[in-house]
Amino acid sequence: MTGLKPSAETAEREIYLTLRRVIGAPVEDVYAAWTEPETLCRWMAPGNASVVRAVAEVAVGGTFLVEMRGADGRRWLTRGIYREVMPCRRLVHTWRWEGSEVETLVTVEFEPAAGGTRLTLTHSRFAGDETRDEHVDGWTGCLAKLEDLWSG
């Protein structure tokens, strides 16, 4: 163990996004939407893309995988490893796009709130602002689909 810590300058350069939503469903249901592959398939792709395969081995060291397909036939695959699992409270997993060497980190927190569940999504360790901004758009589209699971 070296005892070295990131410098303040390094910490200030961390590129991340944080999105918050209140989802109109109980914490248990929203948590299940993040941990059950059949439910992940209903919302974990933005816009007109769809999920064709999802894996959620929800245990520390377990696999996270989502394969998306666009209306134009394009395919995207992301995978990761669960690093922290606190049922109905917090999920942390890595996130790496197929073909990329960059591994980012997704943290999702679930809290009871008036009207449902307060969800806080933090995606960190981006290589640059442009990639982060693309993920803001993607996550915003995904979270809209997640909210829609309980809107009608």
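A residue is termed partly exposed when its relative accessible area lies between the 20% limit for buried and the 50% limit for exposed. In the predicted model described here, R75 falls in that class, with a relative accessible area of 36%. R75 forms a salt bridge with E67, with 2.9 Å between the closest N and O atoms.

E147 is partly exposed, with a relative accessible area of 29%. A salt bridge is also formed by R132 and D133, whose closest N and O atoms are 2.8 Å apart; D133 is partly exposed at 38% relative accessible area.

Strands β2 (residues 50-56) and β3 (residues 63-69) run antiparallel and are joined by six bridges. S50 has R69 of β3 as its bridge partner. Six residues lie between the strands of this hairpin, and G61 takes a positive phi near 90° there.

Aromatic pairs number seven. In one of these, W34 and W43 are arranged edge-to-face, with 4.7 Å from centre to centre and 65° between the planes. A single aromatic cluster takes in W34, W43, F64, Y82, W95, W97 and W139. W34 is also one of the buried residues of helix α2. This helix (residues 27-35) is mostly covered, with seven of its nine residues buried; the buried set comprises V27, V30, Y31, A32, A33, W34 and T35.

The largest pocket has a volume of about 230 Å³. Its lining consists of M44, P46, A49, M68, W76, W95, W97, E134, H135, G138, W139 and C142. Among these, W95, W97 and W139 are also members of the aromatic cluster. At least two lining residues each come from β5 (90-97) and α4 (129-148), and α4 provides the largest share, five residues. By class, nine of the lining residues are nonpolar, two are polar and one is charged.

Conventions:
Residues are numbered from 1 along each chain as its sequence is written. This is a predicted model: local features need pLDDT of at least 70, side-chain atom pairs count only at pLDDT 80 or more; totals for chains, interfaces and linings use all residues. Side-chain values use heavy atoms; hydrogens and water are left out. Rings of Phe, Tyr and Trp (its six-membered ring) pair if their centres lie within 6.5 Å; planes under 30 degrees apart count as stacked, over 60 as edge-to-face and the rest as tilted. Two strands pair if DSSP finds at least two bridges between them. Helices (H or I, at least four residues) and strands (E, at least two) are DSSP runs, numbered from the N terminus. On a 1 Å grid over the protein atoms alone, a cavity is a set of points where a 1.4 Å probe fits but cannot get out, and a pocket is an open set with protein on both sides within 12 Å along at least five of seven lines; lining residues have an atom within 4 Å of a point. Grid points are joined across faces, edges and corners, and a volume is the space filled by probe spheres set on the points. Ala, Val, Leu, Ile, Met, Phe, Trp, Tyr, Cys and Pro count as nonpolar, Asp, Glu, Lys and Arg as charged, and the others, Gly among them, as polar. Buried means under 20% relative accessible area, exposed over 50%, partly exposed in between (1.4 Å probe, protein chains only). A salt bridge is a side-chain nitrogen of Lys or Arg within 4 Å of a carboxyl oxygen of Asp or Glu.
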